[in-house]
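Please examine the structure shown below with attention to its aromatic rings.

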Amino acid sequence: MARGFHFRGISSRDFGIYFTSTDRQMLPAKRKNQIQIAGRDGLYDQGGDTYDLRQITIDCAFVADSVDNIAAHSRRVAAWLSQKGELEFEDEPGVFYTAEAVGGISLTRALRVGAF
């Protein structure tokens, strides 16, 4: 069964987008807060239970009305994904992430299908 997600209050299904998770971290890396002191062995550990950012990677695809509409449709999707917002996956209802797209999003075209 195809799955969707909600981002900034809008469903991916509104854009005809479905996704598969390629990497949804269970737990991000723990951030170490250590200081090296000159003339002393080892490190001073300031403790603290803080974590790095959680990175979630998903593959998405949509089917455009025509080959000519892929570019226009992808621009609408890019505008939707270009801001920070609340993310909820349909297979994790009630779990919300503050998310933003980072690192750029590439589009692959095959006939009427756009994948990113």
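A residue is called buried if its relative accessible area is under 20%, exposed if over 50%, and partly exposed in between (1.4 Å probe, protein chains only). The model is predicted, so that local features need pLDDT of at least 70 and side-chain atom pairs count only at pLDDT 80 or more, while totals for chains, interfaces and linings use all residues. Residues are numbered from 1 along each chain as its sequence is written, and side-chain values use heavy atoms, with hydrogens and water left out.

Rings of Phe, Tyr and Trp (its six-membered ring) pair if their centres lie within 6.5 Å; planes under 30 degrees apart are stacked, those over 60 are edge-to-face, and the rest are tilted. The structure holds eight aromatic pairs. One of them joins Phe7 and Trp80 edge-to-face, at 6.1 Å centre to centre and 70° between the planes. Because Phe7 belongs to strand S1 (residues 5-7) and Trp80 to helix H1 (residues 70-81), this pair ties together parts that are 73 residues apart in sequence. Helices (H or I, at least four residues) and strands (E, at least two) are DSSP runs, numbered from the N terminus.

Trp80 also pairs with Phe15, and here the rings are stacked, 4.7 Å centre to centre with 25° between the planes. Phe15 lies in the loop between strand S2 (10-11) and strand S3 (18-24), so its pair with Trp80 in helix H1 ties together parts 65 residues apart in sequence. Both Phe15 and Trp80 are buried, and Phe7 is buried as well. Phe5, Phe7, Phe15, Phe19, Trp80, Phe89 and Tyr97 form one aromatic cluster.
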